[in-house]
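Morning, everyone. Please look at the model on the screen while I walk you through it.

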Amino acid sequence: MEDSGRRQFVKYSFFKIDPQWRRLPEELRFQSKKDFAQAVTELSEQMFTRCFSLVGLRGDSDFFLWQAADSLEDIQSAAARLWSTDLGAYLTQPYSYLAMTRRSQYVGTGKHQHAGQEGTGTRLRPGKAEYFIVYPFLKTREWYLLPQEERQRMMNDHFTVGHKYPSVKINTTYSFGLDDQEFVVGFETDSPSDFLDLVMDLRGVQGSLYTLRDTPIFTGIHKTIEDTLDDLGG
């Protein structure tokens with residue numbers, strides 16, 4: 001996606017299937033999956049939409065959608081379309097995160113650059129990794145009272161650790177004033193073990209002292225919407 005300078009709204013929608021759905025006749029389950037998949041396919045032609053399965057990986061969510069659009073109305077219309085399907089009647093949404101893209105104040109200035117990565121523009125630049133790990137993130141209020149130079153120094157240490165793991169691509173979006181969290185961070189990778197090691201290493205940087213919350217954490221497997229729904233059973 002080219003960077004037009006216009007920010008995008010980014011939405012993470014997590015879904016849980018009602019067990020009653022699995023007790024429906026096979027034909028009804030098949031048709032409800034087909035209709036829902038068609039709705040997602042149509043939406044993907046209008047806005048960025050990517051599906052991830054959480055079946056067997058989380059107990060409170062079965063799958064999630066990562067979406068981006070130029071307006072809140074588009075985000076809302078997409079949700080209304082999905083809820084209007086037959087499968088929508090059997091879905092709950094235990095988690096929902098709204099954010100926006102923006103240029104990072106710590107990346108792209110001075111000597112520090114993230115070529116092709118988050119922070120260099122205001123549009124999503126999704127990759128094609130098999131796994132996607134996402135969570136809401138908040139810093140302590142003390143962080144924002146530190147001098148800019150001090151915060152930049154600690155973020156540079158953070159980046160230095162991150163550069164040790166080129167297999168992990170970060171997508172940071174911002175929720176200040178829009179939702180309960182301050183950031184929603186998503187990581188694309190083909191190596192969950194690299195991501196685990198990255199997070200462990202980051203516990204040792206000074207900036208981690210200013211983390212207020214970084215849970216719940218969702219590790220999803222990128223699949224087509226059809227395969228995602230087949231994971232639900234039926």
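In α1, the buried residues are Arg29, Ser32, Lys33, Phe36, Ala37, Ala39, Val40 and Leu43. Buried means under 20% relative accessible area, exposed is over 50%, and partly exposed is in between, using a 1.4 Å probe and protein chains only. Why are they on the same side of α1? Because they cover an arc of only 155° around the axis. That arc is taken from the directions from the helix axis to the C-beta atoms.

A word on the source. This is a predicted model, where local features need pLDDT of at least 70 and side-chain atom pairs count only at pLDDT 80 or more, while totals for chains, interfaces and linings use all residues. Residues are numbered from 1 along each chain as its sequence is written, and side-chain values use heavy atoms, leaving out hydrogens and water.

Back to α1. The helix runs over residues 26–44, 19 residues in total. From first C-alpha to last it reaches 27 Å, close to the 27 Å expected at 1.5 Å a residue; the expected span is 1.5 Å times one less than the number of residues. What covers its buried residues? The cover includes β2 (48–53), β3 (63–69), α2 (72–83), β4 (91–100) and α6 (225–230).

Now the whole chain. There are 6 helices and 9 strands. Helices (H or I, at least four residues) and strands (E, at least two) are DSSP runs, numbered from the N terminus. Of the 234 residues, 47% count as buried. Take contacts, meaning heavy atoms within 4.5 Å, between residues at least 6 apart in sequence: 79% join residues at least 24 apart.

Next, Ser104. It lies in the loop between β4 and β5 (131–139). Buried or exposed? Ser104 is buried, with a relative accessible area of 11%. A polar atom of the Ser104 side chain lies 3.0 Å from the backbone nitrogen of Tyr106. The backbone nitrogen of Val107 lies 3.4 Å from a polar atom of that side chain. Thr172 is 68 residues away along the chain, yet the C-alpha atoms of Ser104 and Thr172 are separated by 8.7 Å.

Last stop, Pro216. It sits in the loop between β8 (211–213) and β9 (218–222). The peptide bond from Thr215 to Pro216 is cis, with omega near 0°. In general, most peptide bonds are trans.

How values were computed. A polar contact is a pair of N or O atoms within 3.5 Å; within protein, one must be able to donate a hydrogen and the other to accept it, and residues adjacent in sequence count only if both atoms are side-chain atoms.
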